Amino acid sequence: MRERLVIAFVALAVGIIALYGIPRAYMVADLVQSSEQRRVVRLADFLAVLMTEREAGNEVTEEFLEPLLVEGERVTFTAADGRVVTAGVDPEPDDITATAELADGGTVEFSRSSEVIGERVQEALMPVVVIGVGLLLASAIVGVLLAGRLSDPFVRLAGTARELGRGRLSPPGDDLRIPEARAIDQALRTSAATLEDRIRREHEFAANASHQLRTPITALRLELEDLTLWKETTPEQRDQLEHAIQEIDRLSDAIGHLLDLARGGTPGADDWLPVDELLEDAADRWSAHADELDRTIEVVTTSELADAAAPAPAGQILDVLIHNALQHGRGDVTVSASTASAYVTVRVADEGERPIGNTVFQRTPGRSTNGGEGIGLALAAELAEALGGHLLLDSAPTTTFSLILPREQELTTG
């Protein structure tokens with residue numbers, strides 16, 4: 001901004017100087033030309049009088065004429081009897097010339113060199129040029145100072161905006177003298193206050209929702225544990241109840257992870273699980289639902305995954321991807337993984353046609369009721385980013401999601 005202000009100010013000064021200086025230069029040049037023309041005429045008349053007086057007693061010679069001339073001048077005396085006497089420089093086409101007649105019929109022709117006149121014009125124009133250059137330098141200095149003064153409040157506003165972007169929603173106030181800058185600063189601070197209040201409300205809502213959900217979940221878990229201890233409970237029912245307790249525990253963990261994510265944390269980032277175990281557990285959780293749809297979930301693992309681990313919350317992302325494949329995809333579902341350097345890539349694919357674009361990761365109200373993917377994929381993508389990874393839609397013809405996660409090279413046992 002500062003550079004643009006300096007350029008604009010200097011350009012304005014150049015325009016003003018040009019509008020003043022160019023006409024002024026023409027006026028000065030024309031004035032010098034007119035003055036020299038009048039001077040040549042006066043000198044021609046003066047020499048005519050002088051020649052008349054000289055002819056009365058002595059003959060006009062070149063030696064007589066030379067002392068009367070200065071540099072760049074020329075005089076030609078033509079006597080009544082036709083005699084011609086010349087002194088001075090050689091004539092040029094652009095010279096200024098004036099002719100005066102003598103009473104006895106002779107003539108005197110006086111001329112001044114165009115080069116001399118040009119030098120006089122340059123001397124007359126020099127003050128105009130010096131003034132123009134001085135004004136240009138002064139405008140550049142004033143432009144730099146003024147640009148710094150005008151841009152400084154906006155530079156400080158940019159710093160305030162950066163502070164807001166870093167999450168500091170109550171930056172220290174600035175004394176801005178420019179009304180527009182004060183208005184922008186006030187708007188930024190008003191928006192920051194609104195954002196801070198909204199974020200506080202969202203955090204409170206997440207904490208309240210977590211608390212309100214965990215209370216009935218804990219009560220439900222206790223009741224299910226109590227049912228497993230009844231003598232009337234058959235072994236098959238006890239297995240189902242224990243499986244339900246595991247799902248309740250997983251739901252409680254998911255609530256805690258979502259609360260950490262809402263607070264800007266990285267939920268479960270310090271917990272690592274073997275990649276093949278993550279894939280198998282996710283497939284087991286959704287196998288019953290796949291059987292109801294007469295579809296299968298195939299897990300493809302390789303030996304390279306034996307010593308690879310990924311963040312434990314990745315299981316929640318796999319749940320979203322597998323559910324999305326069963327709910328909106330077609331055919332069998334394949335869950336596979338591969339490793340590369342410090343990352344592991346998990347792919348969940350079905351045989352359905354690939355969606356167009358990456359809008360499936362955007363939170364669009366009403367999509368879940370219109371056959372879309374709803375909020376699940378958007379939440380999964382945000383959780384992947386929080387874990388230091390990335391969730392993307394492959395360019396394969398069929399629907400294939402790739403989950404890229406940081407990899408722990410070796411698992412700690414014991």
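Trainee: Before we start, what should I keep in mind about the model and its numbering?

Mentor: It is a predicted model, where local features need pLDDT of at least 70 and side-chain atom pairs count only at pLDDT 80 or more, while totals for chains, interfaces and linings use all residues. Residues are numbered from 1 along each chain as its sequence is written, and side-chain values use heavy atoms, with hydrogens and water left out.

Trainee: Let's begin with strands. Which strands pair with β1?

Mentor: Strands here are DSSP runs of E with at least two residues, and helices are runs of H or I with at least four, numbered from the N terminus. Two strands pair if DSSP finds at least two bridges between them. Strand β1 (residues 73-78) pairs with β4 (residues 107-112) in the antiparallel sense over six bridges, and five bridges join β1 to β2 (residues 84-88), also antiparallel. Look at F77: V108 stands opposite in β4, and V85 is the bridge partner of F77 in β2.

Trainee: How many residues of β1 are buried?

Mentor: Buried means under 20% relative accessible area, exposed means over 50%, and partly exposed is in between (1.4 Å probe, protein chains only). In β1, five of the six residues are buried.

Trainee: What lies between β1 and β2?

Mentor: The two strands form a hairpin with five residues between them, and G82 in the turn has a positive phi of about 95 degrees.

Trainee: Which residue other than glycine has a positive phi?

Mentor: Most residues other than glycine have a negative phi. Here D294 has a positive phi, near 60 degrees. D294 lies in the loop between α6 and β6 and counts as exposed at 72% relative accessibility.

Trainee: R295 is in that loop too. Which side-chain contacts does R295 make with backbone oxygens?

Mentor: A polar contact is a pair of N or O atoms within 3.5 Å; within protein, one must be able to donate a hydrogen and the other to accept it, and residues adjacent in sequence count only if both atoms are side-chain atoms. A polar atom of the R295 side chain lies 2.6 Å from the backbone oxygen of G331 and 3.4 Å from that of G329.

Trainee: And what makes a salt bridge?

Mentor: Side chains of opposite charge can pair when their charged atoms come close. The cut-off is a side-chain nitrogen of Lys or Arg within 4 Å of a carboxyl oxygen of Asp or Glu. The structure holds seven salt bridges.

Trainee: Where are the partners in the E36 and R120 pair?

Mentor: The closest N and O atoms of E36 and R120 are 3.1 Å apart. E36 sits in helix α1 (residues 2-57) and R120 in helix α3, 84 residues apart. E36 is buried, with a relative accessible area of 6%, whereas R120 is partly exposed at 35%. Both belong to a network of salt bridges that also links R39, E73 and R112.

Trainee: Which parts does the R285 and D319 pair tie together?

Mentor: R285 and D319 meet in a salt bridge at 2.9 Å, N to O. R285 lies in helix α6 and D319 in helix α7 (residues 314-328), so the pair ties together parts that are 34 residues apart in sequence. D319 is buried, at 6% relative accessible area, and R285 is partly exposed, at 24%.
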